[in-house]
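Please keep the sequence and the coordinates open beside the text.

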Amino acid sequence: MVDDDRLVDRLREVIEATDPPPQRLIEVAKASFAWRTVDAELAELISDSSTEPALAVRSAGEAPRLLTFTAGETVVVLEVTREGGAAGAAGEHRLMGQIVAPGAATVEVRHSDGVVSVTTDADGRFRAAPVPGGPISVSCRFDDSERPAVVTSWVSI
């Protein structure tokens with residue numbers, strides 16, 4: 001930790017002890033945070049491999065779950081794998097993603113414990129881990145300012 005970080009931490013402690021922000025202000029700030037993606041297009045779930053009939057295939061491990069979302073001409077495909085396989089870490093997952101039509105973007109995987117933020121490669125691929133089990137939504141903000149942001153609907157993994 002550098003000296004500036006210690007100073008900021010110390011200032012935060014002093015302010016919280018002497019003049020904490022009103023609870024209403026905190027609630028309003030959190031509510032306004034949800035509006036930051038209001039202009040994004042909502043990508044709807046069009047395919048979920050967990051709802052498709054199981055194939056008669058023998059597998060040594062748990063098969064990844066495939067999710068496909070679409071918004072306009074943008075398709076977001078996610079492969080969800082439990083970290084460490086079926087007996088892996090408690091509830092942690094790895095997401096491998098592909099944006100079609102590809103483009104450089106910042107991808108945020110929003111989940112109950114926070115956000116995992118990553119960038120795509122030139123082909124629109126990305127990887128996010130660890131992501132806890134539970135509801136997730138993926139936000140894609142493209143470097144091309146003409147291309148609208150896309151946010152997937154929430155889905156439980």
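## A buried charged pair

Asp48 has a relative accessibility of 8% and therefore counts as buried, a class that means under 20% relative accessible area, with exposed set at over 50% and partly exposed in between, using a 1.4 Å probe and protein chains only. This is a predicted model, in which local features need pLDDT of at least 70 and side-chain atom pairs count only at pLDDT 80 or more, whereas totals for chains, interfaces and linings use all residues. Residues are numbered from 1 along each chain as its sequence is written, and side-chain values use heavy atoms, with hydrogens and water left out.

Asp48 is joined to Arg65 by a salt bridge whose closest N and O atoms are 2.6 Å apart; the term stands for a side-chain nitrogen of Lys or Arg within 4 Å of a carboxyl oxygen of Asp or Glu. Since Arg65 belongs to strand S2 (residues 65-71) and Asp48 to strand S1 (residues 41-48), the pair ties together parts that are 17 residues apart in sequence. Arg65 is buried as well, with a relative accessible area of 19%.

## Salt bridges in helix H1 and beyond

The count of salt bridges under this rule is seven. One of them links the side chains of Arg12 and Asp9, at 3.1 Å from N to O, and both residues lie in helix H1 (residues 3-18), three residues apart, or about one turn of the helix. Arg12 is partly exposed at 43% relative accessibility, and Asp9 is also partly exposed, with a relative accessible area of 26%.

Glu13 is partly exposed at 44% relative accessibility, while Arg10 is exposed at 51%. Elsewhere, Asp121, Asp123 and Arg125 are linked in a network of salt bridges.

## Overall make-up

The protein chain contains two helices and 10 strands, where helices (H or I, at least four residues) and strands (E, at least two) are DSSP runs numbered from the N terminus. Read from that terminus, the elements follow the order α-α-β-β-β-β-β-β-β-β-β-β. Of the 157 residues in the protein chain, 31% are buried.

The protein chain exposes about 10100 Å², of which carbon and sulfur atoms supply 56%, the areas coming from the Shrake-Rupley method with a 1.4 Å probe and, for residues, with only the protein chains shown counting as cover. Among contacts (heavy atoms within 4.5 Å) between residues at least 6 apart in sequence, 51% join residues at least 24 apart.

## Nonpolar core and surface patch

In soluble globular proteins, nonpolar side chains tend to be buried together. A nonpolar core is here a set of buried Ala, Val, Leu, Ile, Met, Phe, Trp, Tyr and Cys residues joined through side-chain atoms within 4.5 Å. The largest such core has 24 residues, among which Leu78, Leu95, Val109 and Val131 touch the most other members. At least two residues of this core come from each of S2, strand S3 (74-82), strand S4 (92-100), strand S5 (105-111), strand S6 (114-119), strand S7 (125-132) and strand S8 (135-142), and S8 gives the largest share, four residues. Not counting residues up to four places away in sequence, Val109 touches residues including Leu95, Val116, Val131 and Ile136.

Leu7 is placed in helix H1 and is partly exposed at 48% relative accessibility.

## Two threonine residues

Thr120 is found in the loop between S6 and S7 and is buried, with a relative accessible area of 11%. Its side chain reaches the backbone oxygen of Gly103 at 3.2 Å, and a polar atom of the Thr120 side chain lies 3.0 Å from the backbone nitrogen of Ala105.

Thr70, in strand S2, is partly exposed at 24% relative accessibility. A polar atom of the Thr70 side chain lies 3.4 Å from the backbone oxygen of Thr74. Thr70 and Val100 are 30 residues apart in sequence and 9.3 Å apart in space, C-alpha to C-alpha.

Technical notes
A polar contact is a pair of N or O atoms within 3.5 Å; within protein, one must be able to donate a hydrogen and the other to accept it, and residues adjacent in sequence count only if both atoms are side-chain atoms.
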